[in-house]
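Have a look at the model first, then read on.

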Amino acid sequence: MATMQMRTTARAMMAPAVILLLVWMAVPLAATLYYSFQNYTLLNPVVSFAGLDNYYYFITDPNFGAAVLNTIYLVGGVLLITVVGGLFLALLIDQPIFGQGIVRILVISPFFVMPTVAALVWKNMLMNPIYGIFAWLLSLVGLPPIDFLAQIPLLSIILIVAWQWLPFATLILLTALQSLDGEQMEAAEMDGAGVVSRFIYLVLPHLSRAITVVILIETIFLLGVFAEILVTTNGGPGTASTNLPFLVYTQALLNFDVGSASAGGIIAVVVANIVAFFLMRIIGKNLEA
Amino acid sequence: MARSVTTSRRITFTIIAWVIALILFFPILWTIITSFKSEGDAIAFPPVFLNFHWTLDSYREVQERSDYLLHVWNSAAISFGSTLIALLISIPAAWAMAFNPGKRTKDILMWMLSTKMMPAVAVLVPFYLAFKNLGLLDTKLGLIIILTMMNLPIIVWMLYSYFKEIPGEILEAARMDGATLGKEIVYVLAPMAVPGIASTVLLNIILSWNEAFWTLNLSASLAAPLSTFIASYSSPEGLFWAKLSAASTLAIGPILVMGWFSQKQLVRGLTFGAVK
């Protein structure tokens with residue numbers, strides 16, 4: 001129905017956003033790709049073609065294997081805690097409880113705490129082995145304190161990040177839960193379906209898409225966890241809590257190895273694209289409805 | 001749900017929910033409480049919960065550090081600036097997509113979204129080098145540019161999903177009555193879209209305020225927003241927990257309150273409309 005003139009106007013209105021995003025995406029990515037094939041360190045002004053050397057060195061570096069494993073543990077651990085915990089919390093808050101609004105606000109609050117604050121508060125006031133709350137709680141039950149960030153660095157970071165993302169999972173699953181058809185539930189209950197079978201045959205299928213969305217979106221953000229590592233363990237001890245983004249950061253801004261860091265960046269793109277592929281399909285399907 | 005629930009069951013669920021909610025909120029509550037302690041009380045062991053000498057000293061000291069207000073200003077300038085610029089670019093685009101969709105509109109939307117999936121580390125190196133050469137390292141302008149582009153896809157998506165709910169017939173009627181495109185947008189669309197635009201702004205200010213990859217890597221002191229400033233407390237020079245808590249409370253306070261008001265928009269914005 002749109003006239004020719006309207007189409008032209010519409011294109012003109014879209015142009016700035018589209019062109020800017022295109023430049024924003026293509027130019028830096030092309031630059032990273034270019035650097036990844038160069039011998040280029042900030043300490044040595046001579047740049048030469050490196051072929052696939054950067055990729056070879058980045059991948060065969062023992063730190064790379066450790067970083068990949070840590071990335072998988074971090075993403076997997078946080079997902080496990082937030083999805084299971086979020087499902088439980090959403091079901092709980094959806095019950096007719098007193099002060100539901102306030103409970104909801106308390107539960108989602110951690111999401112709004114900036115990552116550096118969250119990480120420092122946990123590192124110091126909760127996890128400090130001498131003065132921290134956890135050390136005090138352990139002492140109450142007669143256990144020795146744990147030096148969380150030195151003894152179990154990755155698990156500690158998983159805990160901190162999970163605390164930040166649990167509200168997200170809860171909020172989204174709760175929103176999805178509240179669109180569940182109450183009459184259907186009642187009908188099932190009258191037909192004698194118990195709590196468990198109602199959960200398995202009605203609630204879970206209804207939530208399946210929301211759960212998928214939570215998993216995919218969290219994965220995209222969790223693949224990029226950085227600030228929490230920087231201010232707590234700085235990737236250590238050794239490489240015990242170094243993930244892929246942190247390794248790239250170390251190569252680029254601490255070792256000044258532009259070529260190798262760029263190769264790492266391209267590897268990160270490949271990983272993220274695999275996840276993005278599935279997410280886009282789900283959102284795309286939704287757009288048609 | 002209209003089903004009758006026994007009171008005892010309701011009370012049991014209430015107690016469980018409140019206990020869990022308070023545990024999850026505890027780190028924030030503890031930060032707020034600690035911010036009113038002296039440094040001595042802050043590291044007291046066993047910890048003191050409420051029976052200590054309440055003081056505003058830490059707030060005073062944080063404020064007195066001449067640079068604190070600078071970082072607040074940086075955070076505000078960067079998050080408001082980037083959100084507003086992105087909004088100005090996005091409104092026309094979202095208008096076009098919602099009211100004059102073409103064959104490729106859906107593809108363009110999906111492509112815009114896909115730019116959000118690009119991991120930041122992948123482009124850290126070129127941005128760092130370009131910023132270094134252009135003198136944009138540690139400047140507010142540099143961070144505003146980065147965050148504008150970071151926010152753009154989310155803003156277009158959110159505005160698009162709000163605009164879609166406005167019946168296009170109303171706009172057409174205005175056009176029939178002889179309104180120009182500018183008038184159509186300003187007098188007809190804008191008033192109806194205000195709630196949607198406000199929610200979009202709110203969510204994006206929250207996201208920019210808390211951004212902690214680019215700010216940490218591209219700012220050091222002059223342009224450092226609060227997230228970078230607070231990160232400087234991680235150096236092991238001593239235990240200044242009361243001051244860390246006061247600075248943290250001030251940094252998260254306003255955003256926390258904004259967040260409480262944006263729960264619904266948060267779901268919509270962060271799932272790109274996949275969950276409403």
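This is a predicted model: local features need pLDDT of at least 70, side-chain atom pairs count only at pLDDT 80 or more; totals for chains, interfaces and linings use all residues.

1. Asp57(B) counts as partly exposed at 37% relative accessibility (buried is under 20% relative accessible area, exposed over 50%, partly exposed in between, with a 1.4 Å probe and protein chains only). Its salt-bridge partner is Arg60(B), with the closest N and O atoms 3.0 Å apart; a salt bridge here is a side-chain nitrogen of Lys or Arg within 4 Å of a carboxyl oxygen of Asp or Glu. Arg60(B) is partly exposed too, at 46%.

2. Residues are numbered from 1 along each chain as written, chains are lettered from A and ligands numbered from 1 in the order written, and side-chain values use heavy atoms, without hydrogens and water.

3. Lys243(B) and Glu61(B) also form a salt bridge, at 3.0 Å between the closest N and O atoms. Lys243(B) is in helix H12 (residues 241–261) and Glu61(B) in helix H3 of chain B, so the pair ties together parts 182 residues apart in sequence. Lys243(B) is buried at 16%, whereas Glu61(B) is partly exposed at 36%. Glu39(B) joins these two in a salt-bridge network.

4. In chain A, Glu189(A) pairs with Arg198(A) at 3.8 Å. Arg198(A) is buried at 11%; Glu189(A) is partly exposed at 32%.

Technical notes
Helices (H or I, at least four residues) and strands (E, at least two) are DSSP runs, numbered from the N terminus.
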